[in-house]
Each structure stands twice: as structure tokens, then as C-alpha cells.
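I opened this notebook to record what I looked up in one structure. My entries follow the order in which I looked.

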Amino acid sequence: MFITFEGIDFSGKSTQCDLLEKYLRGLGREVVRIREPGGTAISEKIRALLLDKENRGMTGLTEFLLYSASRAQLVNEVIKPALAEGKTVLCDRYADSSTAYQGFARNIGIEEVEKINRLATGGLVADLTVYVDITVEEAIRRLAAQNKTGDRIENEGREFFERVRRGYLHIATTNKDRFKVVNGMDDINNIQEKIRAIVKEKFGI
């Protein structure tokens, strides 16, 4: 069982992924919880490059290829072996992030991004993707509430994240069986209950 979580920055997807991990472990499931970019020694080094605010000159294409390299390492080193052993894999971001962030927001092009996504993942697609949807205004409010500066991606600004959100909503309309949208503006516990209901309906657990 391979479940991914998606959302614009500060959507609360990581919190929901953590809560689902706790729930599934309580059911006796062996869970591997990972994040993108990262999850392996090599991928974490790539993550540091991607998020470093000093790397403002990074082009959209370079950014995308670095994410893809990190993803390829994670898939082959962690995700595929875990699935082969019958474990449940929960991933905080996956290929849909590149489609939304680089394909839509960076204007690299959806077809081009999805071709590289297939190459980087070896064609491995999540069984279920949960998209936690919030407005860009709410994301900005949550960043300000943290009273700290964001990383290179988090500081891209309103227009960028509006494009990212439109990208995610486009993915949702074209992948309805896999891609499930939940309202991230709701109470945290209510969101989790909805996610558990989706998981139960999808997998019968």
C-alpha cells in the first residue's frame, strides 16, 4: 500500500501524514514514513541544495532535475524494497509535486515533467494520493505565524503558489480515482477522520 500526501507549503499535509502513520501502526501495519525531497543519504544532500536560500539563481529546470534525482534514489533505495516486503509506505510529497511546482508553476510543461517523472519513479504510481487543500492566503498567514523566514521554495510568493494550487486542482480533475482532495482549512482532527474514511474505502481497512 503506497499513499502519498500533497499540498502547497503550510497546508498541514505533513501533520496529516504523521497522524495517519500513527493510526495505521495502531492497526498493526508496518509503516515506512518518508518525505520528499529526502529519505536517503543522497536525497537529503540534494534537499539541502534545493531549499538553500543562497541558491536563488537556480533555474526551474535545474530544480526539477534535482528533485527527480532525489526521487529516483528514494524509489529504488527505499520505496520499492519496502513495498516488495509488504510494508505500507507513506510519502510526504511525490511526483505530483513536480507536476504542480515545476510543470505548472515553473512553466516547464506538463508533458515534459511527466515523462521525467515516469523515468525517475520507474513508473511507480501511488495507490492513493491525499491532497490537503488550503488557500494561498492561509498559507501566507501560517508562514507569518511561525515568525521565521521560509526556505527558498516557501519564499516564492503569492503568484507562484497560486499557480501551484491551480496545478494541483488540475491533477485532481484528471486523476479522480487516485487523487483525493480534503479541505485543509478544517479542524486537524476532522481532516484526519476524513482521510481515514478515504483510506478505509480505498483499501478496506
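Entry 1. How many residues does the largest nonpolar core have, and which of them have the most contacts inside it? I worked on a predicted model. I found that the largest nonpolar core has 21 residues. Those with the most contacts inside this core are Ile8, Tyr101, Ile153, Phe160, Phe161, Val164 and Tyr168.

Entry 2. I then looked up which elements give two or more residues to this core: they are helix H2 (41-51), helix H4 (95-105), helix H6 (136-145) and helix H7 (158-174). H7 gives the most, with six residues.

Entry 3. I next listed the contacts of Ile153, leaving aside its neighbours within four places in sequence. Ile153 is in contact with Asp9, Leu51, Glu63, Tyr67, Tyr101, Arg106, Phe160 and Phe161.

Entry 4. I turned to H6 and asked which of its residues are buried. They are Val136, Glu138, Ala139 and Leu143. Why do they lie on the same side of H6? They do so because they cover an arc of only 160 degrees around the axis. On the other side of H6, I found Ala144 and Ala145 exposed.

Entry 5. I also looked up what covers the buried residues of H6, and H7 is included in that cover. Finally, I checked what follows H6: Asn147 does, and its phi is positive, near 55 degrees.

How values were computed. Residues numbered from 1 in each chain as written. Predicted model: local features only at pLDDT ≥ 70, side-chain atom pairs only at ≥ 80, totals over all residues. Heavy atoms only, no water. Core = buried A, V, L, I, M, F, W, Y, C linked by side-chain atoms within 4.5 Å. Buried < 20%, exposed > 50% of the residue type's maximum accessible area, 1.4 Å probe, protein only. Helix = DSSP H or I, 4+ residues; strand = E, 2+ residues; numbered from the N terminus. Contact = heavy atoms within 4.5 Å. Arc of directions from axis to C-beta.
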